[in-house]
Amino acid sequence: MNQNGSNYNRLSNQFIKAFSMISNNIFGIVVGIIVLASGASAISATAQDSTYDSLQVSSSSRSYQVAQTTIDTAALEASTFQQINQYRASLGLPALARNSSIDAQARIHSQNMASGQVAFGHQGFATRIQATGIAYRAAAENVAKNRGYSDPVAVAVRGWLNSPGHLANIKGNYNLTGVGVARNSRGEIYFTQIFIRK
């Protein structure tokens, strides 16, 4: 083997070792993960992911058992709703009214994402809005997922508030909302908040 080939092999081996060390360190450091997506629509119900099918969940189902851990989804949903309305109030915006039909659709979507039946994002957004049975002028949706945080709601809401697309939905001219939360066996907690203007 010539000198160039020997240098190439030595550099390749060094790169592989360095990459392995970096990826192991990154894996060891990461404790919590958050991913966000937002979508909005005026009249038309096409949602888009921001940069950065059908398991039915009863609207009366408030908590469920996953991987020997029970989470109180109702409490997480209520906290999300409260924090978003507190933020709107801090800007002098009117409070959003929570709607049980919108809650039901948000829960279904969060559960479908958590179970892997749909990809994380806004697949089926138009169908969810229609399924609420509410005549609307505009609609939008924020979704988030995170894992490993003691206060997953605060992390999701903070992420939305720090993202222009999500923030626009939160501050938007909407009067109704619904929130759905689900957790999967990997400990990922999925949030869906739908915004509607009647």
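Asn146 stands opposite Ile189, a residue of strand β7. Such pairing is assigned where DSSP finds at least two bridges between two strands. The model is predicted: local features need pLDDT of at least 70, side-chain atom pairs count only at pLDDT 80 or more, and totals for chains, interfaces and linings use all residues. Residues are numbered from 1 along each chain as its sequence is written, and side-chain values use heavy atoms, with hydrogens and water left out.

Strand β7 pairs with two other strands. With β5 (residues 138-147), β7 pairs in the antiparallel sense over nine bridges. β6 and β7 also run antiparallel, joined by eight bridges. Within this second pairing, Ala182 has Tyr190 of β7 as its bridge partner. Five residues lie between the strands of the β6-β7 hairpin. There, Gly187 takes a positive phi near 85 degrees. Eight of the nine residues of β7 are buried, so the strand is largely enclosed by the rest of the structure. Buried here means under 20% relative accessible area, exposed means over 50%, and partly exposed lies in between (1.4 Å probe, protein chains only). In a regular strand, side chains alternate between the two faces of the sheet.

The protein chain as a whole comes to six helices and seven strands. These are DSSP runs, numbered from the N terminus (helices: H or I, at least four residues; strands: E, at least two). Along the sequence the pattern reads α-β-β-β-α-β-α-α-β-α-α-β-β. Of the 198 residues of the chain, 42% count as buried. The accessible surface comes to about 10500 Å². Carbon and sulfur atoms account for 54% of that surface. Areas follow the Shrake-Rupley method with a 1.4 Å probe; for residues, only the protein chains shown count as cover.

Aromatic pairs were counted next. Rings of Phe, Tyr and Trp (its six-membered ring) pair if their centres lie within 6.5 Å; planes under 30 degrees apart count as stacked, over 60 as edge-to-face and the rest as tilted. The count comes to two aromatic pairs. Tyr174 and Phe195 form a tilted pair, with 5.8 Å centre to centre and 40 degrees between the planes. Tyr174 lies in the loop between α6 (164-171) and β6 (176-183), and Phe195 in strand β7 (residues 189-197), so the pair ties together parts that are 21 residues apart in sequence. Tyr174 counts as buried, at 11% relative accessibility. Phe195 is buried as well, at 0%.

Charges also sit over rings. The criterion is NZ of Lys or CZ of Arg within 6 Å of the ring centre and within 35 degrees of the ring normal. The charged end of Arg98 sits over the ring of Phe81, 5.8 Å from its centre. Lys145 lies over the face of Phe120, at 5.4 Å from the ring centre.

Helix α3 (residues 100-115) has 16 residues. Its expected span is 1.5 Å times one less than the number of residues. That gives 22 Å, and the end C-alpha atoms are 22 Å apart, which agrees. The helix is mostly covered, with 13 of its 16 residues buried. Asn99 caps its N-terminal end: a side-chain oxygen lies 2.8 Å from the backbone nitrogen of Ser101. After α3 comes Gly116, whose phi is positive, near 85 degrees.

Gly165 belongs to helix α6. At 31% relative accessibility, Gly165 counts as partly exposed. Its C-alpha atom is separated by 8.8 Å from that of Asn142, 23 residues apart along the chain.

Conventions:
Polar contact = N/O pair within 3.5 Å; in protein donor to acceptor, adjacent residues only side chain to side chain.
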